[in-house]
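User: I would like to learn how to read individual features of a protein model. Please take me through them one at a time.

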Amino acid sequence: MTETKTRSPEFRLAAGAIGGLRQDLFHHGFDYRPLPPLGTGGPVIRRLPEAIRTRAVWAPHAVVGVVALICVLAGTFEANTYSVFGIGTVITAGVPAAALLMTLVRPVLGFWVSIVSTPLVAAAGQGDWPWGPNAFVCHLGVLIVVAARTRPRTAAWMWLITLFAGSFLGNFAGPYSSTTAPMAVASAFALLLVTVVQVRREAEREVTVQRTVTAVERDRRTLLEERTTIARELHDVVAHHMSVVAIQAEAAPYRVENPPPELEQAFVTIRENAVAALTELRRVLGVVRAEDYEAPDAPQPTLAELDRLLDNVRETGLETEKTVTGAVRELPPGVELSAYRIVQEALSNTLRHAPGATAQVEIGYVLGGLGVRVVNGPARGLVKPSPGAGHGITGMRERVAMLNGEMTAGAYGDGGYEVAVFLPVPAQRSGAEDGEGA
């Protein structure tokens, strides 16, 4: 362990490089990895007609096949120029093309076949040494395909191995000219281009992943903020009613002359439970309350204040109409508060996203609950819509889900938008409240 710590950075760098060579070009040399087709969502393929799109995904395979076929024909023609067709023609024309085709299924093995067969193909041919024209194109194609299917580090190793093999075989060129220098230059430019494209794609992929993670975190944060807001508002509503219960329980014995001790004790217990519930409620709210939160001076709004909200909205230029159907009755405070906030947020979205439009607010009192519908038309005028992050819709859905309701939101008509909500109210609870009011 001491020896490992005292090794120089150069030694560790060299050991890492050798380890990378062993992993990239030896351990995975025989891996079977067929080249997959292209995706149909690319910027070019997705613009093609459907009939052509299904075939265009195989474009890389077709390009490799066409290049291999051309090299076979060129190698055959070159070999027959110097001698009749024979085993030398098969080696010169077929082996480089076979190595190129092999990169479609076993990319690293295709590179080694191309390197190892280079002296054999050069000896069987009668042209430049060590790469003739067809062998030159095939080996360059092998480098490009393998580099595109592996990592940039693999491309660097392949270029160095090609340069070493070409330099070594160049000593045996004899009367023929060496093509090592052209191969080194051409492959360097090709591999550099492939590496740049790979690095750019990887960067784009990481940016996409990061954006996705950021969007998820932003949605989660928005959800928590909306739930916190709802918790604060419900605290104000529940705290008000619990305070009323405590006060009434304390004052009730004084309204009855000579109340029995059991009744007095019952009211004392009711008051103590109400005060304890208020204490626990405030303690729970302290967990979700922001440091700069200030309790509202006025009670939380209900549907009775909806007309005042619409008047304020009309002053901003949004023409709004309200329609109420069914028998108007008092609903649970949580339902009325949620309905009020949903209408408020829907109208705010209309002001932001559809300036100059008109809005219609419909409130429907039905037997099983309350229906709320807000519809706006398309934007009109010269004012441009303001972008939004979708927080309003998230808040609406949270309020509806809290009350086990249903909500739909989406495009309506010609450029308009509709928000439709149903908030259930149990029949027994509504009846009890109506009875108390009577």
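User: Where in the chain is Pro130 placed?

Analyst: Helices (H or I, at least four residues) and strands (E, at least two) are DSSP runs, numbered from the N terminus. Pro130 is in the loop between α7 (118-124) and α8 (133-149). The peptide bond that joins Trp129 to Pro130 is cis, with omega at about 0°. This is a predicted model, in which local features need pLDDT of at least 70 and side-chain atom pairs count only at pLDDT 80 or more, while totals for chains, interfaces and linings use all residues. Residues are numbered from 1 along each chain as its sequence is written, and side-chain values use heavy atoms, with hydrogens and water left out.

User: How many aromatic pairs does a search of the whole structure find?

Analyst: Rings of Phe, Tyr and Trp (its six-membered ring) pair if their centres lie within 6.5 Å; planes under 30 degrees apart count as stacked, over 60 as edge-to-face and the rest as tilted. The search of the whole structure finds three such pairs. One of them is the tilted pair of Phe26 and Trp112, at 5.4 Å centre to centre with 40° between the planes. This pair links distant parts of the chain, since Phe26 belongs to helix α2 (residues 9-27) and Trp112 to helix α6 (residues 107-116), 86 residues apart. Phe168 and Phe172 form an edge-to-face pair, 5.6 Å centre to centre and 70° between the planes.

User: Is Asn404 buried or exposed?

Analyst: Buried means under 20% relative accessible area, exposed over 50%, and partly exposed in between (1.4 Å probe, protein chains only). Asn404 has a relative accessible area of 65% and is therefore exposed. Asn404 lies in the loop between α14 (391-402) and β4 (406-412), and its phi is near 60°, a positive value in a residue other than glycine.

User: Which backbone oxygen does the side chain of Arg329 reach?

Analyst: A polar contact is a pair of N or O atoms within 3.5 Å; within protein, one must be able to donate a hydrogen and the other to accept it, and residues adjacent in sequence count only if both atoms are side-chain atoms. The side chain of Arg329 reaches the backbone oxygen of Val366 at 2.9 Å. Arg329 is in the loop between β1 (319-325) and α13 (333-353), and counts as buried because its relative accessibility is 18%.
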